[in-house]
Structures are given as structure tokens and as C-alpha cells.
Amino acid sequence: MKLEGSFSPPGDKSLSHRLALLAVLARGECRVENFAPGADCASSLEALAALGGGVERRQEAVRLRGLAGEVAPQAALDCGNSGTTMRLLMGVLAGRKGRWRLKGDASLSRRPMERVAAPLREMGARVATHRGRPPVEIIGSGLQGREHHLAVASAQVKSALLLAGLQAEGTTTVREPAPSRDHTERLLAAMGADLERRPDGAWQVRRSQLTLPERWRVPGDPSSAAFLLCAAAVLPGSRVTARGVLLNPTRTGFLTVLRRMGAAVEVAVEGEEPEPWGRVSVRQGPPLVACTVEAELFPSLVDEVPILALVATQAKGTTCFRGVGELRHKESDRLAMVVNQLRRMGARLAVEGEDLYVDGPTPLAAPRRLESAGDHRMAMMLRLAGLVAGAWPEVADEGCCAVSWPGFGRTLEALLA
Ligand code: S3P
């Protein structure tokens, strides 16, 4: 089975979330083109609407009306499956006036929220979690700027603290152990925030009034594109092009890894606004070789480890993904899921401490049914693992792909034709 042709991935999820959630604090109106179509970003739009903001969907675009911080003083906000919605909202609401309850689905209800709640409390926020997890209660209060040193590189935590910092007295500084995606920082700068990067890489923000840009075109999501591009590197005879992909370097670690493995990757940057974007082609070529993915690279490919692990099963030698323990806290325990589902297909993987080891090349065989744990990135990876095994097994709960890419199945079928 081979993949051949070109496709446009859906609008980037991280950017779409941020536009919707920053509209809670910003004034003005914005026409967002190519807003992410999945259920995750719908949760952020629903939160904006429940807080009193304007959301109008028109075919390819979503029109947002900002609230300039004048939010409904009480609301129950359902964040669905979306950790980004919940964590960024915690930072947005902590400094407003009112009382809110944030809940999520079964998967989100298992995910850690103290990593945001605890540093917010240091700023004076009143935030309660349920034994560290959702639901989260927030009572808005006056905030004080603080210097935060994050224990884990997390764009969601960093973003929540910067958003709280916009509403705090004094200066809020966030320093992370390795650079995570910087979309919040770029958007804040575009919306007029008083934001600076210190020479040591830490971000500093002061109280600011934000204004929405009039128009924003969201490039395609590299984390979605990665599934089909990576599969093209291992399915014999494949050649796939993704058009209009976001190429922000804090997101393209998977391309670095594919290249290190010897894959034939071509990237053409076609624009720089609002962030670098362009076209990416991957062709199945010479046999792939294993490589080491050092921990510093992890934040730039955090959501791509499952599909890269599949690629590693087909590369000669032992690929080591260092420092990937954070995967235990994603929509599922992704570290355990990747290991146990790919092992069921005959792959050789091991976890030692925070590191994942994958031996290859190993021929895969598909059981009748694979388990996704309702995790969209697992479901997409397993569908493609099935193809590597030359099969089309049942993938439990495959509809969960719609969390990030409702059109995944259709796009895949078109490339297989
Ligand atoms: C995201 C950040 C990442 C990523 C998630 C989306 C974001 O999580 O896994 O899917 O939009 O900020 P971290 O908080 O671990 O960086």
C-alpha cells in the first residue's frame, strides 16, 4: 500500500485555540480564516461564547468579537477533550471578576492541572482543583506578577501564566527548561502586549490591553500533516505533499527527525505571515536508519512521538527518544499506549525511565482490533500502522480523530486511491 498525492491539513489547532481564547481579553473583531475544524477548538469557541464573546461561523472563516476582559461573571465551561482550552482559560480567568467552573470529558478529567493552578496561586489567584485534576473552580482576584521557573517545558503552562501576567500588577516572568511552541508570544506581540524576551530566553509580560487583528489566516496544522508525511517515509513507493503547512521551528522537530533517519524530505517556505508556512514533501527512499532524539527536541515534536515511533519500527538500529515522560499526561498515557499497541503488532519497544527505545526494522502484523483509548493521535497512528502491516484492522473509537482532524479518514483514502 502506498500514499501518493497532495493534501491540505486542517488549520492549526494551537493557533486557533489561542485566537479564540485571547479574544476573551482583547477588544475588537477578527476574521479568522482556516480556523481548526476539530472538536478541540470548538471547545474554545464555546467557552468564548459562554463568557459573552461573539462567535460567528461562516464556511471557511470564523468571526470573533472580543470581550476586552468584560466576561460573564459566572459560567460553567465544558472544555471537552481539550487540555489547551482548560489550561489557557485558567490563566485568562484568574484575573477577571467572577466565579467559573471548568470541566472536561473523562480523558481531560484525568489530566494534571496543578502545574497551572499552583503558580497561579503564587500570583494571588483563587483556583481549586479536584485532587490536582478537573473540575477546576476559579474565583477571579487581583494578581501580582511573579518570576516562574517551569519544571517541564509546556506551552500550555507557559501560555496560561503569560495570560495571567497580562492582568497582574508588576512584571510576570516565565522561564522554561527548553523552548516550547511560541504561538502565544507571537500573537501577544501582534495584539499590542507589553512583552519582551530576556537575553536568557525567559519571557516577561506586563499589564496590557490587547486588540484583535482584523484578519488572521491560520496555516495548516503540522501535527496533523505529520501523520501522512511520516507514513509516506515508510510505505514503499509513497510520495506525499502537504500544502500550506505551518513551519514555525518550534513545531517542526518531526522533520528534523525524519531527515536524521535519512528520509527524503523537501521543504519550501512560501510565506512568513502570520508565521512561516509552506509546502512539505516526503518520498519513501533509501532504507531509514535509527537516530537519537535528544530531550531538548521533545517540545518541538511532543505530539508527533506516536507517529515517529511507528517510523522508528522501520528504521535500522535502535532509535532513542529521550525525556518523553510527559507523554504519560496527554489525552491518554501515550507512552504506555504506543508501547503496548505497537508491541501487539510485533514491534520491539522499551521504556527506561523517561526514555523510549524502538528497535527496527521490524515487520508489523495487525491484530483484528487495535485500541486507541479514545486518543486522536493514537487512532491516527494506529490506522497508519495498519497500512504498514498491509492491513485495515479495526481501530477502536476511530471517530476520536475528529478531535483534531475530522477529515483524516477521507484524506487518507484519497491518497491511497
Ligand atoms: C499545546 C501544547 C502541547 C501539545 C498540545 C497543544 C498548545 O502541550 O501537546 O497538544 O497548544 O499549547 P504542552 O503543554 O505539553 O507543551
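**Exercise 1. Ligand contacts.** Which polar side-chain atom distance does Ser154 have to an oxygen atom of the ligand, and which residues surround the ligand?

Solution. 
1. In this predicted model, a polar side-chain atom of Ser154 lies 2.6 Å from an oxygen atom of the ligand. A polar contact is a pair of N or O atoms within 3.5 Å; within protein, one atom must be able to donate a hydrogen and the other to accept it, and residues adjacent in sequence count only if both atoms are side-chain atoms.
2. For Lys330, an N or O atom of the side chain is 2.8 Å from an oxygen atom of the ligand.
3. Gln156 takes part through its backbone: an N or O atom there lies 3.1 Å from a ligand oxygen atom.
4. The residues around the ligand are Ser14, Arg18, Thr84, Ser154, Ala155, Gln156, Arg181, Val302, Asp303 and Lys330 (a residue is near a molecule if one of its heavy atoms lies within 4 Å of it).

Conventions: the model is predicted, local features need pLDDT of at least 70, side-chain atom pairs count only at pLDDT 80 or more, and totals for chains, interfaces and linings use all residues. Residues are numbered from 1 along each chain as its sequence is written, and side-chain values use heavy atoms, with hydrogens and water left out.

**Exercise 2. Helix 1 and helix 6.** Describe how helix 1 packs with helix 6.

Solution. 
1. Helix 1 covers residues 13-25 and helix 6 covers residues 183-190. Helices (H or I, at least four residues) and strands (E, at least two) are DSSP runs, numbered from the N terminus.
2. The axes of helix 1 and helix 6 are 10 Å apart, at an angle of about 45 degrees, which makes helix 1 oblique to helix 6. Axes are lines fitted to C-alpha atoms, for helices over the stretch in contact, and angles run from 0 to 180 degrees between N-to-C directions. Angles under 35 degrees count as roughly parallel, over 145 as roughly antiparallel, 65 to 115 as roughly perpendicular and the rest as oblique.
3. Helix 1 and helix 6 cross in a right-handed sense (the near helix is turned clockwise from the far one by less than a right angle).
4. From helix 1, Ser14, Leu15, Arg18, Leu19 and Leu22 meet His183, Thr184, Leu187 and Leu188 of helix 6; contact means heavy atoms within 4.5 Å.
5. By class, this contact has five nonpolar, three polar and one charged residues.

**Exercise 3. Helix 4 and helix 5.** At what angle do helix 4 and helix 5 pack, and which residues make the contact?

Solution. 
1. Helix 4 (residues 114-122) packs with helix 5 (residues 155-165) at about 30 degrees, the axes being 9 Å apart.
2. Helix 4 and helix 5 are therefore roughly parallel, and the crossing is right-handed.
3. Arg115, Val116, Pro119 and Leu120 of helix 4 contact Val157, Ala160, Leu161 and Ala164 of helix 5.
4. These residues divide into seven nonpolar, no polar and one charged.

Notes: Nonpolar A, V, L, I, M, F, W, Y, C, P; charged D, E, K, R; others polar.
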